[in-house]
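Okay, thanks for coming, everyone.

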2 protein chains.
Amino acid sequence: MKSTLVVVFWALSLTGIAASMRLSSAQADRAAPPNAAIEIPVEYRDWRLISVAHEEGDLNDLRAVLGNDLVMQAYREDIRPFPDGAIIARLAWRHVASEENNAVFGRAQSFVAGAPTNVQFMVKDEAKFASTGGWGFAQVTDGKPVDAAGLATCYACHLPVKERDFVFTHYAP
Amino acid sequence: MKSTLVVVFWALSLTGIAASMRLSSAQADRAAPPNAAIEIPVEYRDWRLISVAHEEGDLNDLRAVLGNDLVMQAYREDIRPFPDGAIIARLAWRHVASEENNAVFGRAQSFVAGAPTNVQFMVKDEAKFASTGGWGFAQVTDGKPVDAAGLATCYACHLPVKERDFVFTHYAP
């Protein structure tokens, strides 16, 4: 079975059309991640903010972590594990110096979001993704869905925070 | 007239109560900012994401810029100037190294949102704030509203981007 992308990812309407896209992390011959389609609502860019982050090094990005309503409720009411249907979206953009802002501040200190790099998703479905902590993982890089081989390390990286239901990000008040 | 805060800022419900608070940037004896009350809906934390940023130096923070519905529509439909009622919220948190994330990455590169520092608002009302480009400015630092003296420099800093209706932040796709 090949990876499929039923709805082209970056066709997402900025005004938030309520359609959904279907990201398949298929390739049944691989052990991880599980061979299960992951559906991501295209309006994820309108979800609410959990927190922000910054990665130096090769990643060199600024990040926003957004959650659907089930995720936000879980954070704010301290509900763990996250319920089925919870979806977390981690957006990232190049960490770019802002000459415009620096001119105003009078020194080089300001960085803003440049070109988008990739978007990662965690989708909670305890039954479907039982072998990876109840979470399905998906990623879109440069507008293209990453296949199962590219997602094989997701779960292992999240294992150290198993006690927080495999989610790194803390809510930023 | 003294600065007043009718609803305590950090009493904001995380689940998004539709009440509103009233931040007064009063002190009529000062030239700037204009003596006009600024009302900020307490549910601003649930607004949608415009972009993220990072300031080094003394600020040393990570930022998220959120907008109410009028702001998001203006960004996405390229409407300028922003219409009356548009409100932009800039949240900031300490830029803090994440030892937990670094352990997973295998090197020191990861920074996350630490303690919140301050929240700044721009409120569009062409008539009320005619002397400052149609924008009223407000800020809450450590849970307390900043008075007019503390806001006196806002407009001057935003003047360099007058052609973008005084707004620095670009939409992050």
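Predicted model: local features only at pLDDT ≥ 70, side-chain atom pairs only at ≥ 80, totals over all residues.

If you walk along the sequence, the order goes β-β-β-β-α-β-α-β-β-β-α-α. The chain has 173 residues, and 38% of them count as buried.

Now bring in chain B. How are the two chains related? Rotate chain A by 180°, with 0.0 Å of shift along the axis, and it superposes on chain B with an RMSD of 0.0 Å. The two copies are therefore related as by a two-fold rotation axis. If you want to find that axis on screen, look for A:R48: within chain A, its C-alpha is the nearest to the axis, at 3.0 Å. And both copies use the same surface, with 100% of the contact residues of chain A recurring in chain B.

Let's look at that contact. Chain A puts in 35 residues, and chain B puts in 35 residues. On the chain A side, the elements giving two or more residues are β3 (48-55), β4 (61-67), β5 (87-97), α2 (99-105) and β6 (110-124). Which of these gives the most? That's β3(A), with seven residues. Sorted by class, this side of chain A has 20 nonpolar, eight polar and seven charged residues.

There's strand pairing across the two chains as well. β6(A) pairs with β3(B), residues 48-55, in the antiparallel sense, over three bridges. For a specific example, A:F111 has B:H54 in β3(B) as its bridge partner.

As a general point, nonpolar side chains in soluble globular proteins tend to be buried together. Here, the largest nonpolar core has 84 residues, and the ones touching the most other members include A:A64, A:L66, B:A64, B:L66 and B:F121. The element giving the most to this core is strand β6 of chain B, residues 110-124, with seven residues.

Let me zoom in on B:F121. What does it touch, once you leave out residues up to four places away in sequence? The list is B:I38, B:I40, B:I87, B:I88, B:A89 and B:A138.

That's my tour, thanks.

Definitions and conventions:
Residues numbered from 1 in each chain as written. Chains lettered and ligands numbered in written order. Helix = DSSP H or I, 4+ residues; strand = E, 2+ residues; numbered from the N terminus. Buried ≥ 20, exposed ≤ 12 C-beta atoms within 10 Å, placed from the backbone. Least-squares fit on C-alpha atoms with pLDDT ≥ 70 in both. Contact = placed C-beta atoms within 7 Å. Core = buried A, V, L, I, M, F, W, Y, C linked by C-beta atoms within 7 Å. Nonpolar A, V, L, I, M, F, W, Y, C, P; charged D, E, K, R; others polar. Pairing = 2+ DSSP bridges.
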